[in-house]
Structures are given as structure tokens and as C-alpha cells.
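The following paragraphs lead through one protein structure, moving from its aromatic contacts to its charged pairs and then to its backbone. The sequence and the model are shown first.

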Amino acid sequence: MTIIKVQKGTKDILPEDMPVWHFMEEKANEVFTKYGAKEIRTPIFEATELFARGVGDTTDIVNKEMYTFEKSERSLTLRPENTAGVVRSFIENGMHRLSAPVKLWYKGPMFRYERPQAGRQRQFHQVGVEVFGIEQSTADAEVILMAVNYLKALGLNDLSVELNSLGCPECREVFKTKLKEAIKPYLNELCPDCQARYEKNPLRLLDCKVPECKEIYSKPGIQAVIQSDFICEPCANHFNELKGYLDTLGIKYSVNKLLVRGLDYYNRTVFEITSNNLGSQNAVCGGGRYDSLVKNLGGEDIPAIGFAMGMERLASLIGQKKDSKLSAYVVCNNPIEGLKLTEELRANGITAEFDLTNKKFVKQLEKASKVADFAVILGEDEIKSCSVTVKNLDNSEQKNINRTELNKELFVK
Ligand code: ATP
Ligand code: MG
């Protein structure tokens with residue numbers, strides 16, 4: 001008899017994989033609860049209409065990737081993402097009456113009919129957060145902090161945060177028109193997907209992975225439009241405030257004007273966190289603000305912002321990390337100060353150790369280069385000046401920084 005195999009693009013999560021999955025789930029509960037978020041679990045299938053309206057019918061997800069089926073003359077779809085479901089539940093359960101912000105987090109399986117490859121499955125898992133009711137950029141900053149601190153709690157560093165502002169529907173309209181004008185002469189040379197996007201969703205053109213299209217979009221005339229500061233004053237203020245908060249909080253980021261994100265509902269802030277250890281499917285987290293979605297799905301006019309992370313991608317990073325190194329090894333001949341600093345790092349989710357036997361500096365440094373990514377050196381001078389010297393043990397680069405800067409140095413390698 002032929003053996004029935006697991007379906008293409010799906011995987012068993014076996015008993016030996018479970019410790020990593022429990023770890024990711026427990027840390028999610030622990031970290032998001034600290035921010036006042038509560039867990040929500042919505043059904044795996046919903047009315048197809050919810051995703052058509054909620055995710056947007058010009059997106060790849062709705063156009064090509066949905067698992068849709070009929071039952072009792074109803075069209076149902078396995079959820080490709082969880083924001084639409086959470087928003088439906090928010091509206092249906094009158095959560096707008098709760099005092100804002102309403103912070104929800106979730107975890108669970110999602111389904112997308114895509115071409116399976118490393119880091120891309122047809123059933124995969126996401127953990128995510130949605131924060132409702134705050135229009136100010138403080139919420140954007142806090143949501144990005146939640147993502148970054150969750151990743152830190154998982155012991156992951158070597159990550160990059162990319163940020164962009166898509167503006168509001170008004171200023172984006174002007175941008176779309178200019179972008180279309182600049183691209184028009186090349187319309188016939190674009191891939192079939194981009195030809196369709198050109199009319200339906202021109203922003204998504206920037207997201208195309210086809211090399212010929214990418215080359216066209218890198219032409220100076222088109223780049224000038226892409227790189228222009230098209231967003232209106234209130235949107236620009238919102239974005240500048242957010243960048244200010246992140247600077248103050250010590251979160252490193254870069255602005256990427258090509259970052260448009262796949263879903264239709266985003267406005268203003270969008271962000272992505274990528275890992276440098278994942279190959280081509282390197283995004284671990286995608287998020288953004290979606291101020292019109294609650295209203296579009298029939299609720300009150302309530303702003304919101306959130307993110308989702310791919311748990312299989314997190315698991316593979318944690319797996320690599322498990323048999324690899326500590327983030328930091330503290331090198332110090334003053335046991336009290338050394339212990340204090342090591343504890344401070346651990347409290348911030350950074351894996352760290354310290355030599356408890358007070359060996360010579362050189363010996364401690366030797367040990368650091370064997371067991372850690374970074375040596376954090378705390379000598380007499382550093383203690384006096386409230387600084388530390390951080391040595392990247394891959395390339396031996398070292399710099400003296402203020403102690404308050406330490407977290408971000410160890411997060412982004
Ligand atoms: P991409 O442009 O790579 O298709 P996306 O915009 O579809 O990404 P999101 O919908 O924002 O991705 O999902 C958030 C995160 O979920 C991604 O950053 C990724 O880590 C994970 N993810 C998305 N699709 C898959 C998939 N098919 N398999 C595994 N993980 C996925
Ligand atoms: Mg996708």
C-alpha cells in the first residue's frame with residue numbers, strides 16, 4: 001500500500017522540536033504581558049469576504065494565496081494572516097468600549113498557497129500583536145519596542161529594523177500618480193504582475209522581486225520620485241516623532257523607502273525586521289499602522305498598529321543559536337561591578353556570562369573569544385566614566401560607548 005505523506009509546504013512539529021516552540025510561546029506570553037497585552041485566539045477559518053475586504057483584493061495573499069472552500073453555500077477561507085480576524089473579533093465583541101489602548105497578542109497557524117521553499121511554507125505559524133485606539137506615534141514606538149524586546153528575549157541578535165512611512169491616503173494618492181507617470185514609458189517591459197499592479201496597486205510595484213523590473217525602478221527618474229519626501233506635513237511629523245522616540249530608546253533602525261509591505265491596509269508607519277542569518281527569506285517580522293481597517297470592516301473609526309512574526313523562521317534562528325555562542329562575555333576584574341553589569345544585560349534579554357574566578361584580563365578575553373559574540377570590557381577607566389568597551393569578536397573591532405548604549409550595540413551586530 002502506498003504511504004500517505006505530509007502535504008507539500010506543511011511540516012510536522014515533532015516532539016524534539018517542541019522545546020523551541022514552547023520557549024517561543026512562553027516568551028511571547030511573558031514579554032507581551034509586560035506591555036499590558038492580552039492573548040486572543042480567533043478561529044482558523046473565517047468568511048472569505050473578511051480577507052477580501054480586510055487584507056485587500058489587490059494583494060498577492062487574496063489574489064493567489066488563499067485556501068478557499070465552500071460549505072453550505074458559504075465561501076470560507078483558512079486564515080492567511082490574523083489581523084483581519086482580530087479586527088473582526090474586536091468589532092464583534094465591542095472592544096472599542098474598553099479603555100484605549102486595547103493591546104492584543106496571538107499565536108497560531110496561518111495558511112497561504114505559495115511556492116514552498118526554504119523559509120516559506122503553506123501552513124506556517126505567526127505570533128503577533130495588535131494595538132488599538134492610539135493615533136500618536138508613541139504607540140508606533142511601543143509596538144516596535146514590543147517586537148524588538150521579544151526578539152531579544154529569544155536571544156536573537158544580528159537583526160536589522162527597517163522603517164518607512166507610506167503617508168495617509170491623501171498624500172499617497174499624489175505619490176502614486178507621480179510614480180505611475182515616471183514608470184509609464186516602461187510599462188510594456190514590466191513583468192505581468194507589475195503590469196497588473198500598475199493600475200490596481202502601484203505602490204506594490206516597488207516590492208517586485210523580478211530583476212528586470214528592479215532595474216527599471218532603479219533608473220534615476222523613477223528613483224527621484226521614490227526617494228522624494230512625498231508625505232504631507234502631519235504624516236512627516238508623525239514619522240519624525242517616531243524616529244525621535246526610537247533614537248531616544250536606543251533602537252537602531254534604517255529608513256528604507258522601498259519598504260511598502262504586502263497588505264493594502266497599511267498607512268503611515270510600516271516596518272520590517274530582518275535577520276542576517278536566514279538566506280533569501282530573511283524577514284522575521286512585518287508590521288505597520290492600519291488606521292482605516294476597523295472602520296472598513298464595519299467598526300468605529302479606530303486607529304491601530306501591529307506586527308506579525310514568522311515562527312518557523314524564529315525557530316530556525318533559535319536552533320542555530322542554541323549550539324552557538326553567548327551574546328556577551330563580561331570581562332572585568334571587579335567582581336561586584338562585573339556581576340552587576342552581567343545581570344543588567346540578562347535583564348534585557350541578552351545571554352551573558354562573567355568569569356566568576358577573577359582570572360587575569362587576558363585570560364578572560366581569551367575565554368570570551370571562544371564562547372561569545374561580543375566581549376564587554378569593564379576596566380577601571382570604564383567604571384569611572386560609566387562606559388564600557390565593546391569588542392566584536394568576529395572582526396576584533398572595538399569601541400568605547402556609554403553604558404546606556406550597550407543594549408543596542410549587542411542587538412545589531
Ligand atoms: P513576503 O513578502 O516575504 O511574502 P509577507 O509580506 O507575505 O512577506 P507578512 O504577511 O507580513 O509577510 O508576514 C509576517 C511574517 O510572517 C514574515 O515576515 C515571515 O516571517 C512570516 N511568513 C510570511 N509568509 C510565510 C510563509 N509562507 N512561510 C513561513 N513564514 C512566513
Ligand atoms: Mg507573502
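Predicted model: local features only at pLDDT ≥ 70, side-chain atom pairs only at ≥ 80, totals over all residues.

A single aromatic cluster is formed by F32, W105, Y150, F271 and F307. Across the whole structure, a search returns nine aromatic pairs. In the pair of F132 and Y290, the ring centres are 6.4 Å apart and the planes stand at 85 degrees, so the arrangement is edge-to-face. F132 belongs to strand β6 (residues 123-132), while Y290 sits in the loop between β10 (283-289) and α11 (293-296); the pair therefore ties together parts that are 158 residues apart in sequence. Are these two residues buried or exposed? F132 has a relative accessibility of 1%, and because the limit for a buried residue is under 20%, F132 counts as buried. Y290, also at 1% relative accessibility, counts as buried.

Side chains of opposite charge can pair when their charged atoms come close. How many salt bridges does a search of the whole structure find? The search finds 24 salt bridges, and three of these pairs are described here together with their surroundings.

Within helix α1 (residues 18-34), E30 and K27 are three residues apart and hence separated by about one helical turn. Their side chains meet in a salt bridge, with an N to O distance of 3.3 Å. E30 is partly exposed at a relative accessible area of 38%, whereas K27 has a relative accessible area of 19% and is buried. The value for K27 falls on the buried side because the class takes in residues under 20%.

E39 counts as partly exposed, at 33% relative accessibility, and R41 is exposed, with a relative accessible area of 65%.

A salt bridge also joins the side chains of D229 and K257, at 2.8 Å from N to O. This pair links distant parts of the chain, 28 residues apart: D229 is in the loop between α9 (220-227) and α10 (233-249), and K257 is in the loop between β8 (254-255) and β9 (267-275). D229 is exposed, its relative accessible area being 70%, while K257 is partly exposed at 22%. Elsewhere, D60, K64, D193, R197, R204, D207 and K209 are joined into one network by salt bridges that share partners.

On the surface, K360, K363, K367 and K370 gather in a patch of positive charge. Of these residues, K363 is placed in helix α14 (residues 361-371) and is partly exposed, with a relative accessible area of 47%.

T138 lies in helix α5 (residues 137-153) and is partly exposed at 40% relative accessibility. Between T138 and G155 there are 17 residues in sequence and 26 Å in space, taken from C-alpha to C-alpha. Y186, for its part, is in the loop between α6 (169-183) and α7 (192-200) and counts as partly exposed, at 24% relative accessibility. Y186 and L154 are 32 residues apart along the chain, and their C-alpha atoms are separated by 45 Å.

The backbone itself has several local features. Which residues does a cis peptide bond join? The bond lies between A100 and P101, with omega at about 0 degrees, and P101 is placed in the loop between α4 (83-92) and β5 (102-111).

Positive phi values are found at C386 and S396, neither of which is a glycine. For C386, phi is about 55 degrees; this residue is in the loop between α15 (380-385) and β15 (387-392), and it is partly exposed with a relative accessible area of 47%. For S396, phi is about 65 degrees. S396 lies in the loop between β15 and β16 (398-402) and counts as partly exposed at 47% relative accessibility.

Conventions:
Residues numbered from 1 in each chain as written. Chains lettered and ligands numbered in written order. Heavy atoms only, no water. Patch = residues over 30% accessible without salt bridge, like charges linked within 9 Å, V, L, I, M, F, W, Y side chains within 5 Å. Areas by Shrake-Rupley, 256 points an atom, 1.4 Å probe, with all protein chains shown as cover. Salt bridge = Lys/Arg side-chain N within 4 Å of Asp/Glu carboxyl O. Lys, Arg positive; Asp, Glu negative; His and termini not counted. Charge placed at Lys NZ, Arg CZ, Asp CG, Glu CD. Helix = DSSP H or I, 4+ residues; strand = E, 2+ residues; numbered from the N terminus. Buried < 20%, exposed > 50% of the residue type's maximum accessible area, 1.4 Å probe, protein only. Phe/Tyr/Trp six-rings, centres within 6.5 Å; stacked < 30°, edge-to-face > 60°.
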